[in-house]
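This briefing sets out the computed features of one protein model for use in computational work.

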Amino acid sequence: MKNIAFVAARMSSNRLPGKVLKPLVGKPALEHVLANLQNCSNLTGSIVVMPVLSMDDLIEKLAEALGIKAVCGSVHDVLDRFRLVAILTEPDRVIRVTGDEPLIDPEVVII
């Protein structure tokens with residue numbers, strides 16, 4: 001069974017711009033999210049799903065540095081971004097995760 005976490009991340013947060021890359025204990029918040037997902041025994045893998053904006057290039061660079069694929073899509077339509085990634089990856093199950101959730105517990109990710 002191919003279970004893939006789609007991690008929604010963007011730099012253009014209204015309340016706290018750039019929050020997914022804000023440092024927490026010396027690492028960007030998104031890095032904590034991705035590390036926790038790598039420890040989830042139910043997942044086949046993770047993909048960072050982001051808008052196609054130049055400000056989000058830093059997210060893509062971080063993901064690539066961590067060995068995680070990043071895919072860009074619609075700026076305003078998150079569901080369309082997920083649809084695009086689902087077509088590319090053909091998962092059996094999609095697990096939606098937000099990139100600003102650094103305390104996600106791999107033990108409670110339910111498939």
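How many of the six residues of strand 1 (residues 3-8) are buried? Six of the six are buried, so strand 1 is largely enclosed by the rest of the structure; buried means under 20% relative accessible area, exposed over 50% and partly exposed in between, computed with a 1.4 Å probe on protein chains only. The structure is a predicted model, in which local features need pLDDT of at least 70, side-chain atom pairs count only at pLDDT 80 or more, and totals for chains, interfaces and linings use all residues. Residues are numbered from 1 along each chain as its sequence is written, and side-chain values use heavy atoms, with hydrogens and water left out.

**Overall architecture**

- The protein chain has three helices and six strands, where helices (H or I, at least four residues) and strands (E, at least two) are DSSP runs numbered from the N terminus.
- Read from the N terminus, the order of elements is β-β-β-α-β-α-β-α-β.
- The radius of gyration of the protein chain is 13 Å, which agrees with the value near 13 Å that a compact globule of 111 residues would have; this radius is taken over C-alpha atoms, and the globule rule is 2.2 Å times the number of residues to the power 0.38.
- Along the principal axes, the C-alpha atoms fill a box of roughly 35 × 30 × 25 Å.
- Of the 111 residues, 41% count as buried.
- Among contacts (heavy atoms within 4.5 Å) with a separation of 6 or more, 65% are between residues 24 or more positions apart.

**Strand pairing**

- Strand 1 pairs with strand 6 (residues 93-98) in the parallel sense over six bridges, and I4 stands opposite V94 of strand 6; two strands pair if DSSP finds at least two bridges between them.
- Strand 1 also runs parallel to strand 4 (residues 45-51), to which five bridges join it.
- Within strand 4, I47 is the bridge partner of F6 and V49 is that of A8.
- In a regular strand the side chains alternate between the two faces of the sheet.
- In strand 1 both faces are covered, with N3, A5 and V7 buried on one side and I4, F6 and A8 buried on the other.
- Six of the seven residues of strand 4 are buried, so strand 4 is largely enclosed by the rest of the structure.
- Strand 4 and strand 5 (residues 69-73) run parallel and are joined by five bridges, with P51 opposite G73.
- A right-handed β-α-β unit is made by strand 4, helix 2 (residues 57-65) and strand 5; a crossover is right-handed if, with the strands pointing away from the viewer, the path from the first strand over the helix to the second runs clockwise.

**Nonpolar cores**

- The largest nonpolar core has 22 residues, of which V7, L30, L37, V48, I59 and V97 touch the most other members; such a core is a set of buried Ala, Val, Leu, Ile, Met, Phe, Trp, Tyr and Cys residues joined through side-chain atoms within 4.5 Å.
- At least two residues of this core come from each of strand 1, helix 1 (29-38), strand 4, helix 2 and strand 6.
- Helix 1 gives the most to this core, with four residues.
- Leaving aside residues up to four places away in sequence, L30 touches V7, A9, V20, I59, L62 and G99.
- A second, separate core has eight residues, including I4, F6, F82 and V85.

**Aromatic pair**

- The structure holds one aromatic pair, meaning rings of Phe, Tyr and Trp (its six-membered ring) with centres within 6.5 Å, where planes under 30 degrees apart count as stacked, over 60 as edge-to-face and the rest as tilted.
- F6 and F82 form this edge-to-face pair, at 5.5 Å centre to centre and 75° between the planes.
- The pair links distant parts of the chain, with F6 in strand 1 and F82 in helix 3, 76 residues apart.
- F6 and F82 are both buried.

**Loop residues**

- V25 is exposed, at a relative accessible area of 81%.
- E90, in the loop between helix 3 (78-89) and strand 6, also has a positive phi, near 50°, and counts as exposed at 64% relative accessibility.
- I68, in the loop between helix 2 and strand 5, counts as buried at 8% relative accessibility.
- Apart from residues up to four places away in sequence, I68 touches L34, Q38, S46, I47, V48 and A63.
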